[in-house]
Amino acid sequence: MVDGVFKRGKKGLYTARLQVPTQFQNIVKTKEVWQATGTSNYEEAVEFRITWKRRKMAEWNALLAGRQPNQAKSRFKLAAELAVSRGEDYRTAENLSNMNLEEILGRVERLQAMGDGPESVAAQAILGGIEMPKMSLKEVAMSMPERFPEDWKNKTARGKKVWESRWLRPANKFINLVGKDPEFISIDRQSAISFRDALKDRVLDDDDYKAESAMTELQNLNGLWKRHHEALGIDPEEVPPSPWRNLASPLYKLAEGDGQKLEIPIANLEMLIAPNALDGMNEEERDIIYVLVETGGRQSEITDIPPGSIHLCHAIPHIEIKNETGEFARTIKNKPSKRKIPLVGVALQAMGRHPDGFARYRGKGTFSAAANAFLHENGLLPEEITIGGTRHSYEARMKRAGYDNDDRGAMMGHSIKRIRGREVYGDPLSLEEKLAIAEAIRLRPGKR
């Protein structure tokens, strides 16, 4: 027997064999199962076994979930997976009632052809016998880390809290508005509009609450709707419209700007790196600013950088921005953000003083507020500009120096594919080429 198929009988047809995993043996009542492939062609038999194994595993998972208490959520997801393994889109009983008779009979005929009776788990999955689980809004928001561990597990402790808050904060605000924790999929459009209007009133009445924040809450609730249905295995084309869709128009009119941090003028950057200008700061806070000025990095990319991503002994000293696991686990914004940044000028000197990174601020998110308070109080930055503007200044410096959009994107960690609007060919910008750009726009310390 090779690859789980072997010839059997006078006709030389292949039979597929599958060992039943231990966790399913009490349900299946056997340690292995066989199925005739109906072919004497080896490659066809192997392909048959692959499909057959997928169907059986989906069926056994659904059976196991059905025997365990409090498994409504997983039963629905597994039923959807089982339907897909049979080449069918999952439909609830309500969905099926809206299908034409021919489509429904087709499902029944295909079940009969596979030998599945009316009480089989496959029949329940394909004929809508398992309804969508009822979860409240807060239950959905709280379930996100469990349902999407790939987005959560490698973040810092603070990063995990921020990610969880992205879903819980708007959920709690909505619950406070309606006075109860509603069933998630039953939230109606009028309730969503009332929530939008409450956010709008707060923007109008509270100088400290911005329209951009309100729009983020609506965006996150829309995202929660989409991801909840995604986790249940529902085809994106079958997901009902979110009650919070397209509600942000009045808030756009109240927005003070596009939310983008303002560029720090060159004169102010030179003041920041002037001798003794930042003596009132602690050493880590000061040196983080120096690195931000001469790398164009995002604040979290610099404050959270782990020791293993600082390469001072390399022929070209640089830092590396990438996803991290283990003690210094963190996730970067997106795939294009993965890059190497050469260290020059005050940034190289600063990292030389901190070869293991910035432990005081790593993963805490406290740098920005502390830095901005000092810089504003000491007249180093105009009140409307924050230290986050170093990143925008860095790209502006490259633009003024004549570097094209591709080179600037590579230095900043932007998607070159998106910049070009097409596929990208050719080698990426080398570390040597990046060093030449960094040196060309490097600032010299000025005087206060």
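**Exercises on helix packing and ring pairs**

H14 and H17 are roughly perpendicular to each other (an angle of 65 to 115 degrees; under 35 is roughly parallel, over 145 roughly antiparallel, the rest oblique). The model is predicted, with pLDDT of at least 70 needed for local features and 80 or more for side-chain atom pairs, while totals for chains, interfaces and linings use all residues. Residues are numbered from 1 along each chain as its sequence is written, and side-chain values use heavy atoms, without hydrogens and water.

**Exercise 1.** Describe how H14 packs with H17.

*Solution.* Step one: H14 covers residues 283–295 and H17 residues 367–377, their axes lie 11 Å apart, and the angle is about 90°. Step two: Glu 285, Ile 288, Ile 289 and Leu 292 of H14 meet Phe 367, Ala 370, Ala 371 and Leu 375 of H17 (contact: heavy atoms within 4.5 Å). Step three: by class, this contact has seven nonpolar, no polar and one charged residues.

**Exercise 2.** Characterise the aromatic pair of Phe 174 and Trp 244.

*Solution.* Step one: the structure holds eight aromatic pairs (ring centres within 6.5 Å, using the six-membered ring of Trp; planes under 30 degrees apart are stacked, over 60 edge-to-face, the rest tilted). Step two: Phe 174 and Trp 244 are edge-to-face, at 5.5 Å centre to centre and 80° between the planes. Step three: Phe 174 is in helix H9 and Trp 244 in the loop between H11 and H12, 70 residues apart. Step four: Phe 174 is buried at 1% relative accessible area, and Trp 244 is buried at 1% (buried: under 20%; exposed: over 50%; partly exposed in between; 1.4 Å probe, protein chains only).

Key. Axes are lines fitted to C-alpha atoms, for helices over the stretch in contact, and angles run from 0 to 180 degrees between N-to-C directions. Helices (H or I, at least four residues) and strands (E, at least two) are DSSP runs, numbered from the N terminus. Ala, Val, Leu, Ile, Met, Phe, Trp, Tyr, Cys and Pro count as nonpolar, Asp, Glu, Lys and Arg as charged, and the others, Gly among them, as polar.
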